[in-house]
Amino acid sequence: MMPFATPLLAATSMALLQNALIVGAILFALGLVGILTRRNLIVMFLSAELMLQGISVSLVAWSRHHGDWGGHVLVIFVLTVAACEAAVALVFVLQAFARTGRLDAAAWQALREAILVRSVDRELPPSDAAAASWPRLTPAGVLPERTADTPLEREHV
Amino acid sequence: MSPALPALSPGLILAGAVTAAATSLWLLLPRGSESRAARWLGLLLGAAALAGFVATGRRLGGLGEESVFLVVSLVAIVSGAATIVTRSPVYSAIWFALALAGVAGVLLVLGAQFLGVATIVVYAGAILVMFLFVLMLAQPSGLAPYDRVSSEPLLSAVAGAILLGLLTLAIGRLSTEPSICCAVPSRSAAVSGTVPVEPSANEAAAVVADPLANDQVARLGAELFGRHLLAVEVAGVLLLVALIGAIAVVSRGEAALEEDRRTAIGRASR
């Protein structure tokens with residue numbers, strides 16, 4: 001079966017290319033906003049991966065449009081480099097967490113130039129309203145005994 | 001574009017969609033002080049932006065292909081947006097897994113079967129689990145204060161919207177330039193120097209990346225390990241270097257931390 005044999009199919013291919021490119025552009029822009037504005041280091045990395053996904057969609061769309069394997073091969077290498085990047089970057093994130101106890105990108109603003117001003121957090125409301133509304137399961141069976149470690153266990157994520 | 005809105009020009013729809021997207025992202029991003037009404041307004045504006053982008057897109061040929069593409073791309077975009085606006089980073093990672101599922105669906109619609117499966121296996125199976133592992137190691141319980149605020153949400157939402165608007169404009173102009181469409185000869189044929197003046201049907205079918213071919217993965221493998229063999233070798237070396245580098249950084253970093261702790265204790269006892 002030949003995909004681009006008739007003009008109708010070629011027009012379909014053009015529309016598919018444009019729609020897929022728009023999807024890729026939206027994913028890329030979302031990742032850009034996330035990496036610019038979020039302060040959690042891991043969420044920043046997730047946003048970078050989202051940008052990579054947008055690029056992958058665009059590459060495969062062009063590959064389909066031109067009937068060429070180049071985009072597919074490039075996406076395979078993007079996957080490879082993303083895996084390497086995630087491994088090395090997560091090691092650095094863990095080291096940063098071990099030093100500061102926070103996953104906050106702003107914890108490292110002491111590395112800025114001396115002439116730059118320090119960015120200060122906005123005022124936060126004191127109470128965390130989200131914590132009160134977590135669903136609770138009906139207790140079943142015997143309640144476990146409270147030990148000294150119980151306050152250390154997290155109730156939710 | 002959309003027959004239901006004949007009075008609105010595509011440019012106007014695009015501008016409205018981009019503005020709605022920026023406002024909705026700004027309303028949904030963690031800003032420290034959110035009201036429930038602002039979030040609902042953000043969700044409504046986001047839905048309006050999505051509808052605008054659907055109206056900007058072009059009709060595909062078949063009804064089945066079109067509806068499948070619509071569903072998987074909406075899944076990808078909505079979960080991608082949820083990835084960056086969710087407060088809890090664990091939920092963020094899980095939304096990202098759903099976005100990966102949507103992207104894999106888009107890749108499947110585009111005919112990249114191997115890449116769709118590889119995205120699920122490599123990203124959702126390996127990379128995302130690594131992210132979750134680090135999150136569980138490092139995340140304090142409850143919501144950290146730095147997850148409840150973001151730095152300059154308005155400026156970044158506007159920057160993303162401007163980028164998106166420009167990209168969509170450029171993509172929309174593709175259809176008016178026929179020189180881009182369909183006339184480019186396949187690179188593999190051009191490189192091997194065997195560009196025929198009048199390719200027979202057999203040769204053309206061999207060159208084109210036919211998404212419906214049974215041996216699509218075999219052809220991709222032949223391309224990957226034929227023309228790109230050297231790049232595959234380099235990628236293997238890169239994986240090895242990343243592995244060794246990660247282990248080296250971990251061990252040296254722990255040694256440095258131990259050293260810091262010991263000097264701190266010594267200073268305190270002295």
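In chain B of this predicted model, residues 24 or more positions apart make up 65% of the contacts that have a separation of 6 or more. Chain B has 270 residues, and 31% of them count as buried.

The domain assignment of chain B gives two stretches, domain 1 (10–176) and domain 2 (214–270). The C-alpha centres of domain 1 of chain B and domain 2 of chain B are 29 Å apart.

Two helices of chain B show how its elements pack. Helix H4 of chain B covers residues 89–109 and helix H5 of chain B covers residues 113–138; their axes come within 8 Å and cross at roughly 175°. An angle over 145 degrees counts as roughly antiparallel, and H4(B) and H5(B) are therefore roughly antiparallel to each other. On the H4(B) side, the residues that meet H5(B) include Pro89(B), Ala93(B), Phe96(B), Leu100(B), Val103(B) and Leu107(B). On the H5(B) side, those that meet H4(B) include Gln113(B), Gly116(B), Thr119(B), Tyr123(B), Leu128(B), Phe131(B) and Leu135(B). Sorted by class, the contact of H4(B) with H5(B) holds 18 nonpolar residues, three polar and no charged ones.

H5(B) also meets a helix of the other chain. The axes of H3(A) and H5(B) come within 10 Å and cross at roughly 5°. Angles under 35 degrees count as roughly parallel, which makes H3(A) roughly parallel to H5(B). From H3(A), the residues in this contact include His72(A), Val75(A), Leu79(A), Ala83(A), Leu90(A) and Phe97(A). Their partners in H5(B) include Leu115(B), Val122(B), Ile127(B), Met130(B), Val134(B) and Ala138(B). The contact of H3(A) with H5(B) has 18 nonpolar residues, one polar residue and no charged residues.

At 1.5 Å a residue, its 26 residues should span 38 Å, and the end C-alpha atoms of H2(A) are 38 Å apart, which agrees. A residue counts as buried if 20 or more other C-beta atoms lie within 10 Å of its own. In H2(A), 22 of the 26 residues are buried, so H2(A) is largely enclosed by the rest of the structure. After H2(A) comes Gly67(A), whose phi is positive, near 65°.

Chain B has a positive phi in a residue other than glycine: that of Glu152(B) is near 50°. Glu152(B) is found in the loop between helix H6 (145–148) and helix H7 (153–172) of chain B. With 13 other C-beta atoms within 10 Å, Glu152(B) is partly exposed.

Conventions. Residues numbered from 1 in each chain as written. Chains lettered and ligands numbered in written order. Predicted model: local features only at pLDDT ≥ 70, side-chain atom pairs only at ≥ 80, totals over all residues. Buried ≥ 20, exposed ≤ 12 C-beta atoms within 10 Å, placed from the backbone. Contact = placed C-beta atoms within 7 Å. Domains from an automatic or database assignment. Axes fitted to C-alpha atoms, helices over the stretch in contact; angles between N-to-C directions. Helix = DSSP H or I, 4+ residues; strand = E, 2+ residues; numbered from the N terminus. Parallel < 35°, antiparallel > 145°, perpendicular 65-115°, else oblique. Nonpolar A, V, L, I, M, F, W, Y, C, P; charged D, E, K, R; others polar. Expected span 1.5 Å × (residues − 1).
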